[in-house]
Amino acid sequence: MTTTTLTSPAGRAARVADRFALPVLLLGSFLATANFFVVNVALPTIGRSLHANAAALQLVVAAYSVSYAAALVAGGRLGDRFGRRRMFVTGLVGFAAAGLACGLAGNAWTLTAARLVQGAAAGIFVPQVLSTIQAGYAGAARQRALAGFGATLGIACVMGQLYGGAAVTLDVAHLTWRLVFLPFAPVALLVAVLAVRLVPDTSGRPLPLDLRGAALLTLTLVLLLVPLSVGAGAGRPTWAWVALAAAPVAAYGFWRDQLSRERAGGAPLLPPSLVRLAAFRRGLAVVAVFFVGLGGFLLTTGISLQEGLGMSPLGAGFALAPYALGFLVASLTVPPLVGRYAGRVIVAGAVVLAVGLAAAAVQASVGYDGLTAGALLPAFTVIGFGQGLVMIPVFGVVLARVPTDRAGVASGVLTTTQQATIAIGFAALGTVFFRVASTGSASGAATGATGADWRAATVAVLAAEAALALLTGMIATRLLRSGD
């Protein structure tokens, strides 16, 4: 299946590569995920600087998420065909160039175009991370590497928001929001250089590129994610409803195309036979439900802390520090727990997460105006710990139930689902949040809302996220029936 592996050293250089390849790969996935979340806190400042309305700003977010999600499966196929290290490096170089363009953008349309390219570049290099782990590690080493991948995603979610808040608040060299984007360019180039030297190349079975399938998948994601992300800020115009209605039609067309291609002996982008595997199907459902809740939590919590409680972006970041600490503790404890309890860790994590979210909802319900970072510390710590127990092992647990020769495409589908459902969580739970809080500003945050409005909006989304956490645990118990 592969040309070389990380576990087959050939002399001193190979041993060095074995030692440092995984950190380089994980740093790449960190950049892609953090870049998705770093924009949230900066949106109000971007709007004022570029004179952009709510729809234009939400399009900046949607451009990255749509192109990223659309490119992931095709990116995995490109890595199999042309070499994973080559596509990892190529994607990083494109990501760096687009990040520089984002930082230099003079208007919202230029920024949106640059984010579109940056998301596509991320969709090319991120699949190479999981594929290289699957090809180069085995047994316990693979589980540790996959746990590291899950931990990296969670840490990137938190650190992206913390960095966005710090960059806007500190305003180094009067760069304001531009400092949110510019540092990603040199870091991405550094990772690319390190990858050339330290990441051994692997490849999979070179299959023909399913261009028609890629086009239909992209169309489906565009019809779904763009109206969800932009429609609320644009006042839910007719085109948004038409697009949402057309999304299931496009999805059905994609599925029929994939069925016919597989029956004809071709190489579909998403083999339907893979989805027919009960373990993979249930794992896909766990990923989808969990990341919808995660996306909603990360968006609405930051806004509630700033707009509702009056914290600065940096202050909101500090309030979220216990959440990051809880996730960090989970990242240290998950590997031995998974070794002993396997997928049951995910079920336990979902229950812990639901308890933490419910506790935060109760706090907001009975005393929202008096909430402080200290008062929220216990609930946020539990939420971070619970999310870590689910997120860190979920990819490894699901992929362990997939045949080795299908791990590459399976990892691409899982990552696409993760990215798409985070965006859906942003849009869907964000819409609920803003609607309950009554009105919207240019940044997409509510204005003119009273303290009661903010309290009601916060309680509503926290309750919804707690329900999603419980649903995650219920689906995960079905996943365990496939065997640990």
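Biologist: How many salt bridges are there?
Modeller: The count comes to two salt bridges. Keep in mind that this is a predicted model.

Biologist: Which residue pairs with Arg212?
Modeller: Asp257 does, with the closest N and O atoms 2.6 Å apart. Arg212 sits in helix α8 and Asp257 in helix α9, so the bridge ties together parts 45 residues apart in sequence.

Biologist: Is Asp257 buried or exposed?
Modeller: Buried, because its relative accessibility is 7% and the cut-off for buried is under 20%.

Biologist: And what does Asp80 meet in a salt bridge?
Modeller: The side chain of Arg84, at 2.7 Å from N to O. Both Asp80 and Arg84 are buried.

Biologist: Switching to packing. At what angle do α3 and α7 cross?
Modeller: Roughly 165°, and their axes come within 8 Å. That makes α3 roughly antiparallel to α7. The crossing is left-handed.

Biologist: Which residues meet there?
Modeller: From α3, they include Phe88, Leu92 and Phe95; from α7, they include Phe184, Leu189 and Val191. The residues of this contact divide into 15 nonpolar, no polar and one charged. Arg85 of α3 is among the contact residues.

Biologist: Back to α8. What does Val222 touch, leaving out residues up to four places away in sequence?
Modeller: Val66 and Pro227. Val222 is found in α8 and is partly exposed, with a relative accessible area of 32%.

Biologist: How far is Val222 from Ala69 in space?
Modeller: 9.7 Å, C-alpha to C-alpha, though the two are 153 residues apart in sequence.

Terms used: Residues numbered from 1 in each chain as written. Predicted model: local features only at pLDDT ≥ 70, side-chain atom pairs only at ≥ 80, totals over all residues. Heavy atoms only, no water. Axes fitted to C-alpha atoms, helices over the stretch in contact; angles between N-to-C directions. Helix = DSSP H or I, 4+ residues; strand = E, 2+ residues; numbered from the N terminus. Parallel < 35°, antiparallel > 145°, perpendicular 65-115°, else oblique. Left-handed = near helix turned anticlockwise from the far one by under 90°. Contact = heavy atoms within 4.5 Å. Nonpolar A, V, L, I, M, F, W, Y, C, P; charged D, E, K, R; others polar. Buried < 20%, exposed > 50% of the residue type's maximum accessible area, 1.4 Å probe, protein only. Salt bridge = Lys/Arg side-chain N within 4 Å of Asp/Glu carboxyl O.
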